[in-house]
Amino acid sequence: AVVSTQSTGQFTRHTLRRTSSLFTTLTKPLINNTSLYSRSHNTLKHTHKIRNFINTTQHRYFSSTPHDSSPNTDAERVKQDLDKLFVLFGDQKDSKKEEQENRVENIKNKKQEVRVGGIRGDGKSPKFYENVSIKKEDKGYSVQIDGRLIQTPKNIPIIVPTPTLALLIGAEWDSQNTYILPSTLPLTKLAVGALDLMPEGGSDEVRKSLLSLLATDQACHRDDNPLLSRKQNANFGPLISWFETNFGKLTVSKHFGSINHPPETLAKVKEFLASLNDWEIIALEPLAHVSKSLVITLGIFKNFLPFEKAERLIRLEEDYQAQL
């Protein structure tokens, strides 16, 4: 929904808030870890910087966008939903001041576009820019740092279809401190994946991968343990009923291995996936990877399944085993 042609308000209301909630819930055990808890000041500083970027950028950008029917309301929703979106794990390691200044100056002197592929994965790339801005382009919205376009590793300019996505990516880059941490650029990674895969037909491969999940979908598997099986039926039942109403009959099995669903159902799901644009398909992939379920993924995407409920379904068997 972040990359669809739906309104910004609908995106922030139905998708970002739920994504934030699930992300926070899944990472809660990590936050509670003593060694990570001591680093909470980094998280607070990171969140504060994001809020500052939203406060300044949303007013400047949305107030000057005549085609947005309710810019201030939509921007406020984006700002509120960002409260729990990013959690920063890990400390930033400082190097010698002189070495740091020299490396930053060398990068600043380059007048070319900024390539994401040049950012080190170990978090040791120094922050070499000062200003982050959003610009309306012919085919969408770009995020620029010090007036330069950000490019993918394949030299494709990162131009996204909605102002909300551009605003969120801008917040990721603006919130960086001494070093650029790739782990805090999740939406930038999504944009890079979408832009680099599209010309090569990569989104078609993602569609095939998503469809194949039905054969091992955890929503359709029932355990041999009678107590756990009844728990699975009770919790997955409403989701299965919704799916069958919209896409067709599902096969629920207690056998390990591939599950054979009716061809009519597979055909309808395939048709639905084909109707989604490349950005939507790329955005669905990480959610499907985490949930290991296309049924859960589509339930969230179609606004049937709240993220809090989705998190409980994903961890249903694990939580049951933990209680034994």
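Student: As what does Glu 205 count at 48% relative accessibility?

Tutor: Glu 205 counts as partly exposed at 48% relative accessibility, where buried means under 20% relative accessible area, exposed over 50% and partly exposed in between, with a 1.4 Å probe and protein chains only. The model is predicted, so that local features need pLDDT of at least 70 and side-chain atom pairs count only at pLDDT 80 or more, while totals for chains, interfaces and linings use all residues. Residues are numbered from 1 along each chain as its sequence is written, and side-chain values use heavy atoms, with hydrogens and water left out.

Student: With which residue does Glu 205 form a salt bridge?

Tutor: A salt bridge is a side-chain nitrogen of Lys or Arg within 4 Å of a carboxyl oxygen of Asp or Glu, and for Glu 205 the partner is Lys 208, with the closest N and O atoms 3.8 Å apart. Lys 208 is exposed, having a relative accessible area of 55%.

Student: Which residue forms a salt bridge with Arg 207 at 3.3 Å?

Tutor: That residue is Asp 204, the 3.3 Å being the separation of the closest N and O atoms, and both residues belong to helix 8 (residues 202–212), again three residues apart. Arg 207 is buried at a relative accessible area of 13%, whereas Asp 204 is partly exposed at 42%.

Student: How many salt bridges does the rule give?

Tutor: The count comes to seven. One of them joins the side chains of Asp 319 and Arg 315 at 3.8 Å, N to O, and Asp 319 is partly exposed at 30% relative accessibility. Salt bridges with shared partners also link Asp 204, Arg 207 and Asp 278 into one network.

Student: What describes two packed helices?

Tutor: Two packed helices are described by the angle between their axes and the distance between the axes. Here helix 11 (residues 278–291) and helix 12 (residues 294–301) have axes that come within 9 Å and cross at roughly 130°, the axes being lines fitted to C-alpha atoms, for helices over the stretch in contact, with angles from 0 to 180 degrees between N-to-C directions. That makes helix 11 oblique to helix 12, since angles under 35 degrees count as roughly parallel, over 145 as roughly antiparallel, 65 to 115 as roughly perpendicular and the rest as oblique.

Student: Which residues of helix 11 and helix 12 meet?

Tutor: In contact, meaning heavy atoms within 4.5 Å, are Glu 280, Leu 284, Leu 287, Ala 288 and Ser 291 of helix 11 with Ile 296, Thr 297, Ile 300 and Phe 301 of helix 12.

Student: Where is the place of Ser 253, and is Ser 253 buried or exposed?

Tutor: Ser 253 sits in the loop between helix 9 (226–247) and helix 10 (263–275), and is buried, with a relative accessible area of 13%. Leaving aside neighbours within four places in sequence, Ser 253 is in contact with Cys 220, His 221, Arg 222 and Ile 259. Another loop residue is Phe 128, between strand 2 (125–126) and strand 3 (132–137), and Phe 128 counts as buried at 5% relative accessibility.

Conventions
Helices (H or I, at least four residues) and strands (E, at least two) are DSSP runs, numbered from the N terminus.
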